Amino acid sequence: MKITVEMPNVSECQVSECVYNLEQACHARAITIGDGVKPGCDTYFKVGGHVKRASEIAGVGACKINGCQYNDDFECQAANIKVGFAGDNIDCLTFAPR
């Protein structure tokens, strides 16, 4: 059984070393944003290669940043998001404080 859920997509990811990043696009099924305080990409991880499923376009499955204006009941309501570097952190660049 396949479940289909509408969620904002990750329109761009600048973190080329992430296992899910292929050609500036995220190919995880869904990502999680935040640790409750900072809008980091909690799905990011680095290994020796990249995923092979280039057909998957990532959505935002959950957002733990209640202080973001796009967060409604821990789900992102932005049209889409961008992930990239904010200093040394890998963050949701679409984050906007309430």
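**Exercise 1.** Keep in mind that this is a predicted model. Find how many aromatic pairs there are, and work out which kind of pair you have.

*Solution.* The count comes to one aromatic pair. Its ring centres, those of tyrosine 20 and phenylalanine 45, are 5.7 Å apart, and the planes meet at 85°. Angles over 60 degrees count as edge-to-face, so that's what this pair is. Now place the partners: tyrosine 20 sits in the loop between strand 1 (9-13) and strand 2 (21-22). Phenylalanine 45 belongs to the loop between strand 4 (30-33) and strand 5 (59-63).

**Exercise 2.** Is phenylalanine 45 buried, exposed or partly exposed?

*Solution.* Start with its relative accessible area, which is 37%. Buried needs under 20% and exposed needs over 50%. Phenylalanine 45 is therefore partly exposed.

**Exercise 3.** Describe the largest nonpolar core, then zoom in on valine 83.

*Solution.* This core has 23 residues, and Val83 is listed with Val10, Cys26, Ile31, Ile33 and Ile81 as having the most contacts inside it. Strand 1, strand 4, strand 5, strand 8 (80-86) and strand 9 each give two or more residues to the core. Leaving out residues up to four places away in sequence, valine 83 touches, among others, Val10, Ile31, Cys41 and Ile90.

**Exercise 4.** Where does threonine 94 lie, and what does it touch?

*Solution.* Look in the segment after strand 9 (89-92). Leaving out residues up to four places away in sequence, threonine 94 touches Tyr70, Ala78, Asn80, Ile81 and Lys82. For lysine 82, the backbone nitrogen is 3.0 Å from a polar atom of the threonine 94 side chain.

Conventions:
Residues numbered from 1 in each chain as written. Predicted model: local features only at pLDDT ≥ 70, side-chain atom pairs only at ≥ 80, totals over all residues. Heavy atoms only, no water. Phe/Tyr/Trp six-rings, centres within 6.5 Å; stacked < 30°, edge-to-face > 60°. Helix = DSSP H or I, 4+ residues; strand = E, 2+ residues; numbered from the N terminus. Buried < 20%, exposed > 50% of the residue type's maximum accessible area, 1.4 Å probe, protein only. Polar contact = N/O pair within 3.5 Å; in protein donor to acceptor, adjacent residues only side chain to side chain. Contact = heavy atoms within 4.5 Å. Core = buried A, V, L, I, M, F, W, Y, C linked by side-chain atoms within 4.5 Å.
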